[in-house]
Amino acid sequence: MSAIFEEKIHQTMADPKLQLAIFAATGRLMEKRRKAVNAEVCPDYQQLRTQANAVKRHTIGHLDYYLELFERNVAAHGGKVVFCKDAHEVADFVLGLAKERRASLIVKSKSMTTEEIDLNERLEHHQLEAVETDLGEYLIQLAHERPYHIVAPALHKTKEQVADLLTERLGVPRETVIEKQTMIARAVLREKFLAADIGISGANFLVADSGAIVLVENEGNARLTTSAPKIHIAIAGIEKMIPRAQDLGVFLKLLGRSATGQPLTVYTSFLSGPRRGEEIDGPDEFYVVLLDNGRTKVLADRDKRESLYCIRCGACLNHCPVYRKIGGHSFPWVYSGPIGAILTPQFLGVNHEPGLPFASSLCGACAEVCPVKIDIPKILLDLRSDVKKTELREGANRLERLAFRAWAWVMRHPRLYEMAGMAAASLAPSGDGGGWVRSAPAWGIKIAPLDAWLSQRDLPSAPTKSFRQLWRERR
Amino acid sequence: MSRENVLHKVRTALGRSAGQPVQDSPPVYLTVPEAGVEARIDVFFERIEALAGKTHRAQSLEDARAYVERVIAGRKAIASNAPVLRQCGITALAGVESGITDGAQLRGLSASAACGITGADYALADTGTLVMLASPQEARLISLLPPVHIAVVEHERLLTGLDELLSILPHPAEQTSSMVLITGPSRTADIEQILVRGVHGPGEIHVVVV
């Protein structure tokens, strides 16, 4: 585990206000989901999950076919698909188009994909103003931070912090009433919507048979982003594909319920191309940027390919005992929680943060709530194995390897094993008298891993007699 | 840009070749329950009210017009070109602008109006949802920019739910560039998970069934 990962974890755990904010918010989201997937209100919830998994498996398994079908259908309605291999290509495309159309102001609706490629920073670097319009994302942008949670980006901010932020960045009088804070943001952003040249959105789904993108939201900012400016650019990972509009019956029901406990979110937009013929409003130009940025690498790994089924509902974050303690910003990349723990090493390499796949208790809550049934714990185990294989190749952690070899050798020799057991029992720290070792023993020497382990856990005291001894006595 | 590069990497990753056919996709999973019109309206209203939307069952076209008149209460309003609004006489109400076909004009009026009045192509009972297809009759911004949205829905357009919509409209893209499902007033809970309505879209929604 890297020092920075460890430091961020300790910072988060030492902040009681933040701990409470994370715990309360994720707890509420869990409760809302639980009520929405209850058999009384959603009797076929498990069938929906099974179907979603089957559809995703099929689509991802034939992704080349669906990408081309999608591309043809977008073109048929007057839009254009742009394939990009990485962040640079996306930025180049947007900058090029902005320059050609003399655009200077861009409004954006929430998109994890654009977070992934730091699009705003890249655009600002070229004097293009890109304004986030989802309330939470807007606050995060004002604070120059990263989203704390996939669906609740400003989950960690208190209303007092929001008040300071608005005063500092917008020069408005300090306001601590949440309704009024929201209206301040509404007024500022409404001006931006009406003045913007380009709207950039993400896409919750790409619908192959329609050449359409689907956006799911509650605020209306995605509708404004895609309706008011003359140009709409949707930026999505290639894995967001589903084959048919009719598959939305399954995916929309699962997404809303899993994310926020809503049977349907307030707005669901199904957008297929620019304004047509006699339609009164809507964009004149429609582009869909399909991004690779490492996804084909994940696709090539048959065992972990299912990581690409994710529909970004955030349920695994809310239900993860690790996320609920260490929060979103401890994670080394934009995707946090269990899904972040499996996506980050696959996108950025296991060495980016080798401790990540190990920062899990493998309790399985994430897999249980995942609407598309991604087996996250299994993938975490695979990634742990990848980390160890990499260490092996690089000759790192020699001591650990030596220790395990010695241990394996001892285990193959029963006599030796028994003697080692007796030695360990006599050397083991004495407990608190109640059968537990609750803190590191005062041996005079510090064994860092043991101290770290015991700082969070208790160890049963060593028994006075070994199993073998008891067996011999009772036989 | 990288079209060939990305498609090539996808095919290599999957062990597929260009133009290789696909196996059948899993059959479509949609379930459409049986429900009479009256039952649909009851459920529809119950859901909308649970989301803090207002509802009205109009006994006649005149009744619908009277309700809309009470809601707009002399404020500035913009109405879409949906025939039902004209039939009800809503477009003739004082302060109501209608018959707009120019995009820039529509945008200006929508941005300054207190109320936006539209029809709805369909409504979904079990979620309390309005389905709006962009067309010469319905612009996108009328149901979005004004702080109050009033929708007049003909009762025969009320479907049981999303699955029925997708059954009768399997290819929405063939009809419109934009299909929007509206389920209650615009809302956010991004600050301390406190619910606030009307963040970007209308904070108040009225649904009249005729």
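First, some housekeeping. What you see is a predicted model, where local features need pLDDT of at least 70 and side-chain atom pairs count only at pLDDT 80 or more, while totals for chains, interfaces and linings use all residues. Residues are numbered from 1 along each chain as its sequence is written, and chains are lettered from A and ligands numbered from 1 in the order in which they are written.

Start with chain A. An automatic or database domain assignment sets the domain bounds, and chain A is divided into domain 1 (1–43 + 314–396), domain 2 (66–293), domain 3 (398–427) and domain 4 (428–475). Taken over C-alpha atoms, the centres of domain 3 and domain 4 of chain A are 16 Å apart. Between these two, six residues of domain 3 are in contact with four residues of domain 4 (contact means C-beta atoms, placed from the backbone, within 7 Å).

Now look for two helices of chain A, α9 (residues 159–170) and α10 (residues 178–195): their axes come within 10 Å and cross at roughly 30°. Here an axis is a line fitted to C-alpha atoms over the stretch in contact, and angles run from 0 to 180 degrees between N-to-C directions. Helices (H or I, at least four residues) and strands (E, at least two) are DSSP runs, numbered from the N terminus. On the α9(A) side the contact is made by Lys159(A), Val162(A), Ala163(A), Leu166(A) and Leu170(A), and on the α10(A) side by Ile178(A), Gln181(A), Ile184(A) and Val188(A).

Next comes chain B, with six helices and 12 strands. Its C-alpha trace spans about 65 × 45 × 40 Å along its principal axes. Of the 210 residues in chain B, 54% are buried (20 or more other C-beta atoms within 10 Å of a residue's own, all placed from the backbone).

So how do the chains meet? In total, 76 residues of chain A are in contact with 60 residues of chain B. The largest share of chain A's side, seven residues, comes from α10(A).

That brings us back to the opening pair.

Notes. A residue is buried if 20 or more other C-beta atoms lie within 10 Å of its own, exposed if 12 or fewer, and partly exposed in between; C-beta atoms are placed from the backbone.
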